[in-house]
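Hello,

I am passing a model on to you, with some notes on its rings, a helix and its inner spaces. Please have a look at it first, then read on.

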Amino acid sequence: MSEPPVAESPNSVEVVPKSYLVAFILTTFCFALWGFANDITNPLVEAFGRIFNQSNFVSSFVQFAFYGGYCFMALPAALFIKKFSYKTGLLVGLALYALGGLAFIPAASVGEFMPFLIAFFVMTCGLSFLETSANPYILSMGPATTATQRLNLAQSFNPLGSIVGILTAKYAILSNINALDGPERAKLPAEQFDAMKFSDLAIVRGPYVAIGLVIVTMFVLILIKKMPHNQDADTSLDIAGTLGRLFGNSRYVGGVIAQAFYVGAQIMCWTFTAQYGKAVYMAEGLSAGDAAAAASSYTLYSMVLFAVSRFVCTFLLKYVRPGALLMVLAAGAIGLLVPVMFVGGQTGLWALVGVSGCMSLMFPTIYGIALDRVGDDAKLGAAGLVMAIAGGSVMPPLQGYLIDTWSLNLSFVLPLICFGVIALYGMFTAKALPPLETATA
């Protein structure tokens with residue numbers, strides 16, 4: 001019997017059954033919340049460089065601390081969720097997220113870089129709990145045949161939070177801190193330098209304290225809501241057996257590798273869009289402060305394109321296999337990075353914005369492919385995919401080092417290599433698995 005059309009199963013069942021709708025909405029709101037945290041933070045690499053007068057390499061440790069928390073807490077989070085429940089994992093994640101945001105109060109008072117790194121780390125330990133819980137939880141909220149499409153739908157709200165984060169960074173932080181570059185600040189008398197630093201850090205502090213209070217509200221809503229117990233019945237910890245099955249699954253192992261390279265590529269592109277745009281506008285004659293303000297808009301354009309493209313790609317998944325679409329978009333990102341590296345100027349800047357349209361599908365699709373049909377092993381399997389977010393902690397400092405020692409434009413060879421790995425994973429997984437009904441008959 002010939003294989004059924006790709007679109008048949010997804011179109012024959014609900015993506016989100018009505019019985020799961022409220023739980024789906026609450027969990028999906030968490031996707032927007034961690035999107036906000038990710039993208040209010042990316043522009044702070046450049047901002048902290050100015051405030052503390054430090055190099056791109058040192059400032060990139062914002063990303064090392066931020067995404068390092070994901071890696072550090074992913075496995076403990078998975079074991080905790082396996083022992084308790086997805087809901088409990090969401091609550092712990094929200095509590096740590098709020099604690100990290102409120103930790104900006106003492107960090108700004110101290111006036112040193114390290115307390116901010118600690119606050120970022122605590123915050124992302126919470127985000128690690130949230131992602132380890134929310135992604136497989138969404139996958140479980142309905143039929144397996146629509147799981148990847150359902151996760152893409154939930155993930156579509158992640159960039160909406162990211163857009164709010166970018167706007168907050170642009171208008172509440174970057175537009176209000178002093179426009180002087182780090183070297184210009186270094187020429188100031190020590191007392192004036194410190195006064196400017198503490199004033200700017202107080203501006204940075206405000207939005208993080210505000211989101212901490214929002215998270216507390218979300219914590220209460222999920223605490224009082226009765227949530228479904230999908231895959232929560234089995235609380236046994238067969239770690240060796242689970243790891244054996246996962247490491248024997250080539251799609252899962254490849255997915256972890258591809259996810260690490262994807263997150264690294266995403267964070268590099270979004271972190272250094274501001275620097276790239278600033279360099280373009282300074283070459284056109286703008287001052288450093290005016291160039292930074294003009295360039296910050298391109299991060300917003302990138303995220304808007306990312307958000308729109310994610311909804312489009314979620315629709316396309318009804319007709320195209322996830323792996324095939326992943327391969328095509330990764331190839332598109334590689335093509336767009338060529339003018340970023342070798343043409344530059346406004347052409348390179350807009351090509352860098354275009355890369356975000358190609359990236360929109362990648363995270364949830366890799367996640368869905370990797371966890372397809374792993375059953376309750378998804379709880380521990382999710383930890384590996386969240387630990388892969390460590391790619392976002394390692395690669396931005398490497399690109400920062402290349403910018404400091406080589407060339408801003410040519411430093412984008414690192415994300416280009418990453419997209420090459422993703423294209424290979426898409427090609428490897430483009431062939432459909434046997435229909436689920438056949439496999440379970």
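Does Phe72 count as buried or exposed? Phe72 counts as exposed, because its relative accessibility is 53% (buried means under 20% relative accessible area, exposed over 50%, partly exposed in between, with a 1.4 Å probe and protein chains only).

Before the rest, some housekeeping. This is a predicted model, where local features need pLDDT of at least 70 and side-chain atom pairs count only at pLDDT 80 or more, while totals for chains, interfaces and linings use all residues. Residues are numbered from 1 along each chain as its sequence is written, and side-chain values use heavy atoms, with hydrogens and water left out.

**Aromatic rings**

A search of the whole structure finds 28 aromatic pairs (rings of Phe, Tyr and Trp, the last by its six-membered ring, with centres within 6.5 Å; planes under 30 degrees apart are stacked, over 60 edge-to-face, the rest tilted). Phe72 and Phe121 make a tilted pair, 5.5 Å centre to centre with 50 degrees between the planes. Phe72 belongs to helix α5 and Phe121 to helix α8 (residues 113-140), so the pair ties together parts 49 residues apart in sequence (helices are DSSP runs of H or I, at least four residues, and are numbered from the N terminus). Phe121 counts as partly exposed, at 30% relative accessibility.

Phe120 and Tyr208 form an edge-to-face pair, with 5.9 Å between centres and 80 degrees between the planes. This pair links distant parts of the chain, since Phe120 is in helix α8 and Tyr208 in helix α12 (residues 190-224), 88 residues apart. Phe120 is buried at 0% relative accessibility, and Tyr208 is buried at 1%. Both are in a cluster linked by ring pairs, together with Phe48, Phe52, Phe66, Phe104, Phe113 and Phe116.

**Helix α10**

Of the 17 residues of α10, 12 are buried, so this helix is largely enclosed by the rest of the structure. Among them are Asn158, Pro159, Gly161 and Lys170. Lys170 also lies over the face of Tyr171, 5.3 Å from the ring centre (the test is NZ of Lys or CZ of Arg within 6 Å of the ring centre and within 35 degrees of the ring normal).

**Cavities and a pocket**

The structure holds 2 cavities of 30 Å³ or more. On a 1 Å grid over the protein atoms alone, a cavity is a set of points where a 1.4 Å probe fits but cannot get out; a pocket is an open set with protein on both sides within 12 Å along at least five of seven lines, and lining residues have an atom within 4 Å of a point. The largest cavity has about 170 Å³ of space, the volume being that filled by probe spheres set on the points, which are joined across faces, edges and corners. Its lining has 17 residues, and Asn38, Glu131, Asn158, Gln266 and Phe363 lie nearest the centre. Helix α14 gives the most to this lining, with 4 residues.

The second largest pocket has a volume of about 350 Å³. It is lined by 17 residues, with Glu46, Asn56, Asp181, Gln275 and Lys278 closest to its centre. Helices α3, α11 (182-186) and α14 each supply at least two residues of that lining.

**One backbone detail**

Asn53 has a positive phi of about 55 degrees, although it is not a glycine. Asn53 is in the loop between α3 (44-52) and α4 (56-59), and is partly exposed at 33%.

Best wishes
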